[in-house]
Amino acid sequence: MKFKGSENYVATQDLMLAVNASITLKRPLLVKGEPGTGKTMLAEEVAEALGVPLLQWHIKSTTKAQQGLYEYDAVSRLRDSQLSDIDGGERVKDINNYIVKGVLWQAFMADKPVALLIDEIDKADIEFPNDLLRELDRMEFYCYETRELIRAKHRPLVFITSNNEKELPDAFLRRCFFHYIKFPDAETMKRIVDVHFPTLKKDLLSAAMKTFYDVRNLPGLKKKPSTSELLDWLKLLVAEDIPLEALQSTDSKVSVPPLVGALLKNEQDTTLFEKLVFMNQRNR
């Protein structure tokens, strides 16, 4: 299997090389980058391009590694045992009825190769990656309740995303192929926009791109606007039929762009931007 990009996702050459390297090495692909740079969408598009199903495991701060393998529902079994007169207790006798299979179990037991996304692994506690070392390395785990070894029929194509909220253990990193998605330059960004807005007028796109990068390059921003926020902003500009003149100033001074709330997402950055605009206006 080779990933050569897709119509819906603009993949740079180094990103395609990284995906194919992880396939060749049979190691998980660890993808880092700013939020909104398409890390999650990468797994979706690769799975679609290669024609394999995608299983997704979205990690939260409370997620435990065991949940990705399986969970034993002892409470339901106890309840059913108290109501055993209803069906003669046949359901309670089979412990498999109370094993809740996680995404790793599902991926391992799939009859055909699948892609597996472990999304935002850095949200979980520091032990979470270490708890999955053996399973991701050997592609097997043991279910103690049923006394069976669950071994992968086909090695899944594993994508792991991280927003760098926490450092990942060295032992975990050693088992992955790593790729950092750099923020797109202007030319790559135009290709991304063309995928989502193929009929957008070039002059409007040029003005919007200039405004976006001007905002993004402001010093001191707590959260720089991302690719996804640019796409949201463009969608609003088109929906509200914002004229081109609203994005252009008669001189090189900074001005507040329309619908700036799509780009700046906290009061600190909004205040900083407004102060900069005010200072520029005073200096005219």
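Helices (H or I, at least four residues) and strands (E, at least two) are DSSP runs, numbered from the N terminus. The structure described here is a predicted model, in which local features need pLDDT of at least 70 and side-chain atom pairs count only at pLDDT 80 or more, whereas totals for chains, interfaces and linings use all residues. Residues are numbered from 1 along each chain as its sequence is written, and side-chain values use heavy atoms, with hydrogens and water left out.

Two residues other than glycine adopt a positive phi. Asparagine 164, located in the loop that links strand E8 (157-162) to helix H9 (170-174), has a phi of about 65°. With a relative accessible area of 42%, asparagine 164 is partly exposed; on this scale, buried means under 20% relative accessible area, exposed over 50%, and partly exposed in between (1.4 Å probe, protein chains only). Leucine 259, in the loop between H12 and helix H13 (267-282), shows a phi near 55°. Leucine 259 is likewise partly exposed, at 34% relative accessibility. As background, most residues other than glycine have a negative phi.

Axes are lines fitted to C-alpha atoms, for helices over the stretch in contact, and angles run from 0 to 180 degrees between N-to-C directions. The axes of H10 and H11 cross at roughly 125° and come within 12 Å. H10 is therefore oblique to H11, given that angles under 35 degrees count as roughly parallel, over 145 as roughly antiparallel, 65 to 115 as roughly perpendicular and the rest as oblique. In this contact (heavy atoms within 4.5 Å), Ala186, Met189, Lys190, Val193 and Asp194 of H10 meet Leu205, Met209, Phe212 and Tyr213 of H11. The contact of H10 with H11 comprises 7 nonpolar, no polar and 2 charged residues, where Ala, Val, Leu, Ile, Met, Phe, Trp, Tyr, Cys and Pro count as nonpolar, Asp, Glu, Lys and Arg as charged, and the others, Gly among them, as polar.

For helix H11 (residues 202-216) and helix H12 (residues 227-239), the axes come within 11 Å and cross at roughly 140°. H11 and H12 are therefore oblique to each other. Ala208, Met209, Thr211 and Phe212 in H11 are in contact with Leu230, Trp233, Leu234 and Leu237 in H12. By class, this contact has 7 nonpolar, 1 polar and no charged residues.

Proline 184 occupies the loop between strand E9 (177-181) and helix H10 (186-196). Its relative accessible area of 13% places proline 184 among buried residues. Residues up to four places away in sequence aside, proline 184 touches Met189, Ile192, Tyr213 and Thr227. The C-alpha atoms of proline 184 and threonine 37 are 8.2 Å apart, although 147 residues separate the two along the chain.

Phenylalanine 128, in helix H7 (residues 128-131), is buried at 1% relative accessibility. Not counting residues up to four places away in sequence, phenylalanine 128 touches Trp57, Ile59, Thr63, Lys64, Ala65 and Ile121.

The structure holds 0 disulfides, a disulfide being a pair of cysteine sulfur atoms within 2.5 Å. Cysteine 143 is buried at 0% relative accessibility, and cysteine 176 is buried with a relative accessible area of 11%.
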